[in-house]
Amino acid sequence: MKAEQNGQVTVFLALIMMCVFALFAVLLESARMAGSRWYLNMAVASALDSVFSQYHRPLWDSYRLLFAEYEEGSGLATDFASFTEPYLEVDNWYPISREGVETTEILRAVDGQGEYFEQEILEYMKYGVWSMDFDAATVTDLWDRAREAAAVTAAADSYRGNAKEVLELEHSLETVSESLKVQREKKQEGYSRLQQLDGPGFRRAAAALMREMKRMPQLVEKYRDCAERLSRSLEKSRLKYEAGMNDCSAAARQLLEQEIREYESYVSEDGARRQEVEALGNSSLENAAAVEALIREAEEVENTIDSWEDDEDGEGPDESALWAPVRHQLEQIKIAELSFAHGVKDKEKEGWLKQVEALYQEGMLELLVPEDISVSNRSISSEDLPSSMDEANGSRGIEFLEHLLVNEYCGKFFGNFCSEIQNTELQSEEAQSGGGTEDLRTGLQYEVEYLIGGELSDRENLSSAVHRLLAVREGLNLIHILSDTEKRTQARTLAAAVTGAAAVTPLLLVTAFFIMSVWALGESLADIRSLLSGGRIPLIKGREDWNLGLEQLLDFGRTGKLETTESGRGLGWLSWMKILLFMDSIVKQEYRMMDLIQTNLRKQQDSFRMRHGVYQAKVQGSFCGKHVFFSLGFVENLLGGDHLYSMKAAAERNYS
């Protein structure tokens with residue numbers, strides 16, 4: 001009988017080997033699971049990169065902006081899922097299946113008050129080599145000068161209106177003075193009739209005198225209304241002036257304050273003469289009552305003469321003696337004469353000066369656009385434009401240099417009035433040579449002007465840009481005139497001719513400021529006409545750059561024709577448009593840029609909307625992995641199912 005053999009060592013070794021193999025399997029599985037997660041993260045990141053590589057090509061080709069086009073986040077998630085498929089289907093050590101995908105964050109071109117749209121512009125512009133109109137060192141000074149010019153123009157326009165009210169007040173004084181003159185003439189006529197013993201003639205003259213006297217209260221009331229309206233307007237102008245002076249330099253404030261004080265001096269002087277004028281109302285009514293009594297007395301004298309019976313000598317009544325009391329009482333009626341200088345002597349020149357402003361207000365574009373150029377009548381619909389969104393009305397800051405780059409981008413990628421003139425000439429030349437060009441834009445032609453005006457038609461946008469530029473140029477030109485002793489002297493000389501003043505008076509100085517402001521306006525109109533013709537205008541003018549003398553200004557008011565001379569130095573139309581863009585909200589500007597881009601690209605793709613443009617997205621996916629080196633088979637047999645585990649992976653991308 002064989003001896004019984006023990007298996008303890010074998011069993012022990014088997015258990016040890018099982019534990020060792022299990023440890024190896026766990027270590028391998030742990031390493032594989034870590035690799036699986038890295039593999040999944042790589043797959044997710046790569047898939048999102050592929051999604052963002054599908055940027056909108058026409059948007060890039062036309063405007064160098066990178067945005068992916070997805071109307072809904074679900075569309076982006078679907079594309080993302082499809083790009084993960086090749087990574088999940090490959091046969092490797094990382095068996096993974098997808099359970100679900102969702103877009104957890106999405107930022108679009110129209111979000112963030114245009115911030116993401118702006119980032120795309122800056123990303124493109126900062127790597128370019130541009131020939132800029134302004135360098136970074138001059139941007140702040142440029143901004144300050146433009147704001148100062150606008151503030152000076154606002155004050156000048158306001159006080160120019162006050163100057164017209166001053167002249168209107170002077171005209172009302174002239175009316176009062178003319179009425180007093182008529183009264184004196186009628187009184188003298190009546191007295192002459194009495195000397196001629198002409199009763200009916202006296203009564204006619206007296207009736208005319210009485211009617212003129214009764215007009216005086218109305219004339220005084222008109223004068224009072226003009227004076228009060230002027231006083232109220234000056235108070236408003238002072239408030240507006242003080243509110244805008246924060247944007248003005250000390251030198252500009254000093255120049256303006258010197259002129260504005262003359263208005264206050266005029267009003268102060270008018271306070272004293274106003275008492276004299278208002279007293280005429282009551283005195284004229286009293287005189288009218290006295291004249292009316294004289295008319296009745298004259299009728300009695302005539303009745304006495306008619307009913308007189310000849311005396312024994314056959315002589316009639318002594319008519320001279322009968323009319324003597326009437327003559328005496330008529331002599332006692334005192335008709336005042338204004339004791340102060342008043343009125344406007346040269347109404348023709350005054351009218352020409354006013355006509356300059358009237359021409360500017362009535363037909364701006366017809367006056368300034370060259371005769372051989374037709375203003376575009378294109379327009380767009382406001383439906384579905386980015387600028388109609390609530391975020392377009394927001395406000396946020398921007399660095400000067402960044403705003404400079406955005407404005408340079410506008411000049412490079414958007415058309416303007418002068419560029420359209422050049423394009424029209426090129427198209428005409430190509431048409432004559434048998435070629436042709438196609439304008440890809442179905443919307444507006446004056447696009448930079450739209451960024452300034454925001455109107456729906458080219459004509460309205462050009463008009464808005466012209467008015468805005470006029471405000472800047474007028475202020476700069478007025479500062480030049482106020483700083484130029486020679487021009488100030490010329491303005492005072494013309495003011496003396498208009499008012500007839502023999503000495504320096506508040507009226508003369510107020511009129512001189514009116515002339516200077518109209519002169520600055522006329523020069524600004526000449527500037528803009530030159531710019532619209534393709535010329536250049538310097539930011540700060542010297543005497544050699546000046547277009548209009550006062551004689552030419554008066555001719556302009558008389559004929560309505562504006563003559564300009566071309567300047568070879570300074571800034572062109574587009575550069576001035578960029579200056580205006582500095583003065584606007586960057587949010588408003590960028591949403592209007594999106595309006596133009598959307599409108600133009602819809603010619604190729606009607607469904608295109610800037611709100612579909614995706615700048616940044618974050619995607620999260622749910623995945624399921626399967627163990628390879630570690631499996632509790634007997635547990636699976638007991639419980640059923642696969643030996644799986646869940647994983648999540650997320651990725652975030654943008655175009656910066």
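**Contacts, cores and ring pairs**

Student: Leaving aside its neighbours within four places in sequence, which residues is L462 in contact with?
Tutor: This is a predicted model, where local features need pLDDT of at least 70 and side-chain atom pairs count only at pLDDT 80 or more, while totals for chains, interfaces and linings use all residues. Residues are numbered from 1 along each chain as its sequence is written, and side-chain values use heavy atoms, with hydrogens and water left out. Contact means heavy atoms within 4.5 Å. Once neighbours within four places are set aside, the contacts of L462 are L365, V369, V375, F417, Y446, E449, L532 and W573.

Student: In the largest nonpolar core, which residues touch the most other members?
Tutor: A nonpolar core is a set of buried Ala, Val, Leu, Ile, Met, Phe, Trp, Tyr and Cys residues joined through side-chain atoms within 4.5 Å. Buried means under 20% relative accessible area, exposed over 50%, and partly exposed in between (1.4 Å probe, protein chains only). The largest core has 179 residues, and those touching the most other members are F414, L462, L525, W573 and I597.

Student: Which element gives the largest share of this core?
Tutor: Helices (H or I, at least four residues) and strands (E, at least two) are DSSP runs, numbered from the N terminus. The largest share is 18 residues, and they come from α16.

Student: How many aromatic pairs does a search of the whole structure find?
Tutor: Rings of Phe, Tyr and Trp (its six-membered ring) pair if their centres lie within 6.5 Å; planes under 30 degrees apart count as stacked, over 60 as edge-to-face and the rest as tilted. Searching the whole structure gives a count of 14.

Student: What kind of pair do Y159 and Y263 form?
Tutor: Y159 lies in helix α5 and Y263 in helix α7, 104 residues apart. Their ring centres are 5.1 Å apart and their planes stand at 55 degrees, so the pair is tilted.

Student: Is Y263 buried or exposed?
Tutor: The test is the relative accessible area. For Y263 the value is 1%, so this residue is buried.

Student: How many residues apart in sequence are the parts that Y263 and F513 tie together?
Tutor: The rings of Y263 and F513 have centres 6.1 Å apart and planes at 90 degrees, so this pair is edge-to-face. Y263 lies in helix α7 and F513 in helix α16, so the separation in sequence is 250 residues.

Student: At which residue does α8 bend?
Tutor: The bend at a residue is the angle between axes fitted to the seven residues ending there and the seven starting there. In α8 this angle is about 30 degrees at P325.
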